[in-house]
Amino acid sequence: MKKTIILGLLALSSFHLKAQEDFQFGKPSSAEFELKKYAQDTTANAVVLREFGTAYISSSNSNLIFNYHVRMKIFNSKAFDKGQIAVMIRNQGGDAFETMRDIKGVTFYPDENGLMRQSELDAKQIFKQTKATKFSDLVKFALPNIRPGSIIEYSYQIESPFIHNFRTWEFQDDIPKIYSEFSPRIPGNYNYNVSLRGPFKLSKNKGEVEKECYSPGGGFKVDCSKMIYAMENIPAFKEEAFMTSPNNFKAAMYYELSDYTNFHGVKTNYTKDWKDIDHELKIYERFGLQLKKKEFFKDKLPTTLLTMTDSLEKAKGIYHFMQSWFRWNGFKGKYTDEGLKKAFEGHAGNVGDINLSLVAAMNCAGLNAEAVMLSTRENGLVNNLFPVESDFDYVICKFNIAGTHYLLDATDQLLPFGLLPLRCINDRGRVMPLNKPSYWIDLKASQKQSKTVSLRLDLNENGKAKGTLSIFSAGYEAYDKRRKIKKYNSTDDYVENLDESLQKIKILKQDIKNLDTIDQSLSESYDIEVDIADKVSKDRLILNPCFLDRVSENPFKLEERNYPIDQGAPSETRIVVEINYPDNFEIINKPSNVGLALPNNGGKFISSIAVEGNTLTFMNHNLLTKAIYSPEEYPYLKELYNKIIQSQQIDLVFKKK
């Protein structure tokens, strides 16, 4: 589970210690040179030997200065990418940009005689990519001559005007670390909420008062809190299937500015109450004031929609109209970029443009709709302890009717009414009404990921089988399948590609229904011919009944997992196969019956086979009833998938009597 320890407001401390200094650049120890593998993780391709960082607010311009220094050992070629450094720095235009400087790098590498050589980073090999993203630049450099057994080391400084979040320090990375230390120095007139995420404890957590460390001019001098946070022997963070943002679970130190007191004694609070944020957003030009422009849609919505008397059908109509009207430009955001009028006239916009337009249009039609701010899965979880507006990166529409509600996102034309994209299913969202206080709402999938595969085959002695394959997809499964089919120019192209991908199977006829009727299940039906002749013995027929979407690899590979298994929505897959085989054949090999249930009614896997006369019926049923499973349930899920794989690998073998 996500574990966050609030260390409290970082303010002036009353205790003292001798400050820890950075380690010397370019001077690895003999023990570091001789290290062949990391004892606590012998599978590691590399290990961070030492890592050190400092951050402080400059007296000259009150910018944040961050210094970073790391040394790591490369054990094999799989870790050569650790010498390819890419650092994202913020650039919001004007004076709001970060600067990266004082970049140094060195590689110590063994030559052909086993002697250690040294190669410095060439300054000409440092490159800056401006506007790598909308609000960021990218600084890249590559350390030279990396070989197995090398030690690489680099350092740099970043100057930033963005002091609200101070500087995040990640103790944990995708390779293990022997030692990581962060030493922030914060003036006493700045107070920060400090939180430690992740499952590990600090090995060092100390502080001292540094006298008059901040002198911004005008004769003012301020004492600082100088802290030392460190961890030792930190295991690598290993990403795996079914997880939200790794930032939710990595061991890391986070900061949020609580308040600032200027030198005239005036205090400004930055950690706000929701009532303050509610008020600000209601009068904000790119949020609340846009929602108040609902009358703009009065002559833009079709009259047939505005005159409908059934509120639910009216809401569905407006949703589908707005959904087809807009093209999402790919940018997220909880605010409008273009403004509702310009976005509507241009038929395009970011998430805020489209979904705030949906809220306003529904309210224009007399429906009860509200905006909901949320954080997408890749963005991370929002802070539930105090409001952090910057945690949110997305906005959707909440339509209320008769004591129930529907969560809507009009950015994707293939999303059915009431089905959110999985990127939005992430803990909780904040509902932002214009006429009452905001409130939390749980973000849960309204449908599961559901698929049923039905196969009926008639076998004959010549090694050919003919029959019908039917696939019924609902919920997220139907949404994903529609997206897959729509990537092709036509359904014929999709079926042709499917035919080529299915070994020993030829599609003779096709019928796909409800492809564009997105509020209904998707149906696929294929007449097929299957080659089941055994290449070794002409008296045998071989068929794997799970030839479609077979689970061949367990998505869970870790020995243990200390973060949740979050698949976003419950899921269910059924495979039903009926095979009629000739009278002069018998079954000599078939899967065993399997029944496995997860604890706490978390799901099950059932595989059964029955034979009556010359008809064999095979059934696989995999059901996961929960969207999120705890780390304690991980071993059971892992074993469930092992059983699925074992069952689906076994072929049916028929032999002539």
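# A tour of cores and salt bridges

Begin by selecting E639 and K643, whose side chains meet in a salt bridge at 4.0 Å, N to O. You are looking at a predicted model, so every value on this tour is computed from it.

For a salt-bridge network, select E32, R71 and E153 together. Salt bridges that share partners join these three residues into one network.

Next, pick D534 and R540. Their side chains form a salt bridge as well, with 2.8 Å from N to O. D534 has a relative accessible area of 11%, which is under the 20% limit, so D534 counts as buried. R540 is partly exposed, with a relative accessible area of 27%.

Now move to K398 and E370. The closest N and O atoms of this salt bridge are 3.5 Å apart. Which strands hold the two partners? K398 is in strand β20 (residues 394–401), and E370 is in strand β19 (residues 368–374). The pair links distant parts of the chain, 28 residues apart. Both K398 and E370 are buried.

In soluble globular proteins, nonpolar side chains tend to be buried together. Select F287, F297, I318, M322, L358, M362 and I396: these have the most contacts inside the largest nonpolar core, which has 60 residues. Which helix gives the most to this core? Highlight helix α7 (residues 351–364), which supplies nine residues.

Stay with this core and centre the view on L358, one of the residues with the most contacts inside it. Show what surrounds L358, leaving aside its neighbours within four places in sequence. You will find I318, Y319, M322, C397, L408 and A410 in contact with L358.

For the last stop, select V139, Y214, V222 and Y255. They are among the members of a second, separate core, this one of 49 residues.

Definitions and conventions: Residues are numbered from 1 along each chain as its sequence is written. This is a predicted model: local features need pLDDT of at least 70, side-chain atom pairs count only at pLDDT 80 or more; totals for chains, interfaces and linings use all residues. Side-chain values use heavy atoms; hydrogens and water are left out. A nonpolar core is a set of buried Ala, Val, Leu, Ile, Met, Phe, Trp, Tyr and Cys residues joined through side-chain atoms within 4.5 Å. Buried means under 20% relative accessible area, exposed over 50%, partly exposed in between (1.4 Å probe, protein chains only). Helices (H or I, at least four residues) and strands (E, at least two) are DSSP runs, numbered from the N terminus. Contact means heavy atoms within 4.5 Å.
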